[in-house]
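Hi! Could you have a look at the fold below? My notes follow it.

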Amino acid sequence: MSTNEVRKIEVKEAKKVRNFSMPIGLNIIFLALGICLIIWADKVTSLISICLGSLFIIYALYNFIAWYRVENRGLSDSTKLIVAIALAIAGGFLIFQRDFIKEIISVVIGVFLLIESIFRLQDALVSKKYNPNYKNSLILSLIGIACGALCVFGKIIIPDLMIQALGVMLIIFAFVDTTGGIMVNRSAKTVNAKVIDQQ
């Protein structure tokens, strides 16, 4: 296999890496949410619970109206009604039991951060072939995994300050993920430029 063909394969791998990169806009949201959780922990979780509950109820109404408009209702239409009732119950529960979100939010976000960080770890390992500084990306991805794990298990470690700790983890993750993404994307562009020059 020629050097040119090897470089082309590396470019394809680099493109795969970029596809796994989290959009910077989402990291900005994580950063803002992290700051808000540190400053207004209870208010933010209550607001999230109310917003989610309201969305569920709106979607329940949409399903109910869709079911009501059908004249000859079949089994699939009955499913719409069941979904509408379930969503309405879930929406009402989230609005009136706002502490529920406070209990599970760290686990949900933690699982998401773990999945994203594992993707970033894969990116770092792929970039090893063409990025001499891949260890930096590797370390950042491991920090991200640590943040996710702390969010998942933090309720056991620091139950009284978990929401504030979640805010801190989100801020750290937003910084780490953005930095890691920039590093990997830079490496991918460098490989691409080298292939163009050699052609």
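Here are some points on aromatic rings and on one helix contact.

1. Before you start: this is a predicted model, where local features need pLDDT of at least 70, side-chain atom pairs count only at pLDDT 80 or more, and totals for chains, interfaces and linings use all residues. Residues are numbered from 1 along each chain as its sequence is written, and side-chain values use heavy atoms, with hydrogens and water left out.

2. Searching the whole structure turns up five aromatic pairs (Phe, Tyr or Trp rings, Trp by its six-membered ring, with centres within 6.5 Å; planes under 30 degrees apart are stacked, over 60 edge-to-face, the rest tilted). F30 and F173 make an edge-to-face pair, at 6.2 Å between centres and 75 degrees between planes. This pair bridges 143 residues, from helix 2 (residues 24-39) to helix 7 (residues 162-198); helices are DSSP runs (H or I, at least four residues), numbered from the N terminus.

3. Both F30 and F173 are buried (under 20% relative accessible area; exposed is over 50%, partly exposed in between, with a 1.4 Å probe and protein chains only). Ring pairs also join F30 and F173 with F112 in a cluster.

4. F64 and Y68 are a stacked pair, with 6.4 Å between centres and 20 degrees between planes. They sit about one helical turn apart, because four residues separate them in helix 3 (residues 41-69). F64 is partly exposed at 37%, while Y68 is exposed at 57%.

5. Which residues of helix 2 meet helix 3? L33, C36, L37 and I39 do, touching A41, V44, T45 and I48 (heavy atoms within 4.5 Å).

Methods: Helices (H or I, at least four residues) and strands (E, at least two) are DSSP runs, numbered from the N terminus.
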